[in-house]
Amino acid sequence: MLECRQINTFYGPAHVLFDIDIDVEQGQMVCLIGRNGVGKSTTLKSIMGLAPPTSGSVRFEGRDITRLPPHRIAQAGIGYVPEDRRVFADLTVEENLEVAERGGAPWNLPAVFELFPPLLEFRHRRGGLLSGGQQQMLTIARTLVGNPRLLLIDEPTEGLSPIVVKTLEGMIRSLKEKGQTMLLAAQDLRFSLSVADSIYVLDHGRVIYHAPRDQAQAESDRIRSMLSV
Ligand SMILES: Nc1ncnc2c1ncn2[C@@H]1O[C@H](COP(=O)(O)OP(=O)(O)OP(=O)(O)O)[C@@H](O)[C@H]1O
Ligand SMILES: [Mg+2]
């Protein structure tokens, strides 16, 4: 469904991504893991057209989207949840969702309320008054109601308390069980190994490891050492 080939991305003169190859198949959840600053967010931004690659290609459902502007990439069917949980602070939860709703299946308001019960409970509360975890749920829900065929999520549990992390991880797991195709950037190996169909490890802007889940589980010590150096 998504094929990234030999992506190289720069911020001004700084070369940040080197020959990145990533594949996501329909229905899969793929995790991109790595320490701080290795290029996880930049990879997602490169796919989304927010940090367009200087060379290489991104194909989505067979179509070359490499040089498209972000809004066209969104229209093509890719949803993006950035790391900085931006919700409309003055709109209620329900209004935040309504402005993003695009119709279509399977994600509408009742479906995201079922996935994220706190959003139903607080549907009349303004976005700015939600907790960090609830804001993250709202950010994901808002992207989902656009019914993207591929969802990119950048470090959804970053900065949340352990109990909230557990809750959100469970919700992301149900999202996968409902068949949503996802590419998720994360620092947490444990969760990635438990849920991902395939795992990529980034270091200094390069893919230094890639394996399907079974193999990655068997080689978890090796992956852990890649993340701790
Ligand atoms: N807008 C920018 N301008 C210049 N350099 C940037 C910019 N954004 C990120 N970088 C640099 O690019 C490299 C990769 O950053 P990126 O944010 O993609 O890493 P990351 O893996 O997402 O890290 P984190 O875990 O901290 O979110 C880092 O060296 C970072 O300092
Ligand atoms: Mg990041």
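With 229 residues, a compact globule would have a radius of gyration near 17 Å, and the chain has 17 Å, which agrees. The model is predicted. Along its principal axes, the C-alpha trace spans about 45 × 40 × 30 Å. The secondary structure comes to ten helices and ten strands.

**Helix packing**

The table sets out their geometry.

| Helix pair | Angle between axes | Axis separation | Handedness |
|---|---|---|---|
| Helix 3 (93-100) and helix 6 (132-144) | about 25 degrees | 8 Å apart | right-handed |
| Helix 6 and helix 7 (162-177) | roughly 15 degrees | within 10 Å | right-handed |

Take helix 3 and helix 6 to begin with. They pack at an angle of about 25 degrees. Angles under 35 degrees count as roughly parallel, so helix 3 is roughly parallel to helix 6. The crossing of the two is right-handed. Helix 3 makes the contact through V93, N96, L97 and A100. Helix 6 answers with L138, A141 and R142. By class, this contact has five nonpolar residues, one polar and one charged.

Helix 6 also meets helix 7. The axes of helix 6 and helix 7 cross at roughly 15 degrees. That makes helix 6 roughly parallel to helix 7. Here too the crossing is right-handed. From helix 6, the contact uses G133, Q136 and M137. From helix 7, it uses V164, T167, L168 and M171. Four of the residues in the contact of helix 6 with helix 7 are nonpolar and three are polar. None is charged.

**The shell around ligand 1**

How many residues surround ligand 1? The count is 13. The closest are Y11, N36, K40, S41 and T42.

Which elements each supply at least two residues of this shell? They are strand 2, residues 14-24, and helix 1, residues 40-48. Helix 1 gives the largest share, three residues.

**In brief**

The radius of gyration of the chain agrees with that of a compact globule. Helix 6 is roughly parallel to helix 3 and roughly parallel to helix 7. Around ligand 1, helix 1 supplies the largest share of the shell.

Technical notes. Residues numbered from 1 in each chain as written. Chains lettered and ligands numbered in written order. Predicted model: local features only at pLDDT ≥ 70, side-chain atom pairs only at ≥ 80, totals over all residues. Near = placed C-beta within 6 Å. Helix = DSSP H or I, 4+ residues; strand = E, 2+ residues; numbered from the N terminus. Axes fitted to C-alpha atoms, helices over the stretch in contact; angles between N-to-C directions. Parallel < 35°, antiparallel > 145°, perpendicular 65-115°, else oblique. Left-handed = near helix turned anticlockwise from the far one by under 90°. Contact = placed C-beta atoms within 7 Å. Nonpolar A, V, L, I, M, F, W, Y, C, P; charged D, E, K, R; others polar. Rg over C-alpha atoms; globule rule 2.2 N^0.38 Å.
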